[in-house]
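Please look over the sequence and the structure shown here before reading the notes. They are written for someone who has not seen this structure before.

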Amino acid sequence: MTSPSTPEQPAPEQPLPVPAQLPVLDALHSTPSRRYLAPDPIPEDVLWAILDAAIRGPSGGNTQPWGWVVVTDPEIKKRVAPWYRENWDRAYGHRREQILAAPAGTEGLTPRGFLGAEHLAHHLEDAPVWVFPVLRNAADATSPRVGSSIYGAVQQLCLAARAHGIGTSLTTLYGGHEAELRELLGLPDDALTMALIPLGYPAKGRWAQPKRRPVDEVVHWNGWGATRARPQAAEG
């Protein structure tokens, strides 16, 4: 006589991989775009941990109308990468000599930044993992703010990758091919890709604080144009 079967118990949650400790503010100040990426594979448990951190980011009304399409298939990359290079050449590539000859202190894309972005454009498919954050009910939206909260989640993805020593950059240079991309990825008709984030272990460069204009030049207090001098840090 057989005993009645017992219902299967859900498997206990597995602990997430624990990266080396990195203080939050240190990560915030040292997560530049990394465009020289090695083709080395990213362990799947690490990739899951990064994605799990991303979805903890903000979502308007906690509706979470998103999906995260992870691309590792070389054939998909071969289709998308030429679209990216086409837009790169149109936006920046044709100005290569002008940008590289620009004197130090010129505003806009620096020669060093140009070379990094150019490398990514020419080697985009070498990045072992791409992530497309996808937003539902956005394909026909007219508001420029639709789904803007997803970018907070995107930044969490980048910071989580940083904690695991993995470089990222946020780009939309594949734009203009949304219909083809939607078909290629099998997206719902109402969905819109919001970015492309290539991930990979850095092959060149370092974790450095991105250069920005001084904070006291770009912060306005209670109204545009009302600035304040930043207090000097107290000496210890």
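Predicted model: local features only at pLDDT ≥ 70, side-chain atom pairs only at ≥ 80, totals over all residues.

Strand β2 covers residues 129-135, and seven of its seven residues are buried, so β2 is largely enclosed by the rest of the structure. Thr 168, which lies in strand β3, is buried as well.

**The two faces of β2**
- In a regular strand the side chains alternate between the two faces of the sheet.
- On one side of β2 are Val 129, Val 131, Pro 133 and Leu 135, all of them buried.

**Pairing partners of β2**
- Strand β1 (residues 66-71) pairs with β2 in the antiparallel sense over six bridges. Within this pairing, Phe 132 of β2 stands opposite Val 69.
- Strand β5 (residues 197-200) is antiparallel to β2, and the two pair over three bridges. Here Ile 197 in β5 stands opposite Val 131.
- Strand β4 (residues 192-193) also pairs with β2 in the antiparallel sense, over two bridges. Leu 192 in β4 is the bridge partner of Leu 135.

**Thr 168 in β3**
- Strand β3 consists of residues 167-168, and Thr 168 is part of it.
- Thr 168 has a relative accessible area of 4%; it counts as buried because this is under 20%.
- Leaving aside residues up to four places away in sequence, Thr 168 touches Pro 32, Ser 33, Arg 34, Cys 158, Ala 161, Ile 197, Pro 198 and Leu 199.

Note on methods
Residues numbered from 1 in each chain as written. Heavy atoms only, no water. Helix = DSSP H or I, 4+ residues; strand = E, 2+ residues; numbered from the N terminus. Buried < 20%, exposed > 50% of the residue type's maximum accessible area, 1.4 Å probe, protein only. Contact = heavy atoms within 4.5 Å. Pairing = 2+ DSSP bridges.
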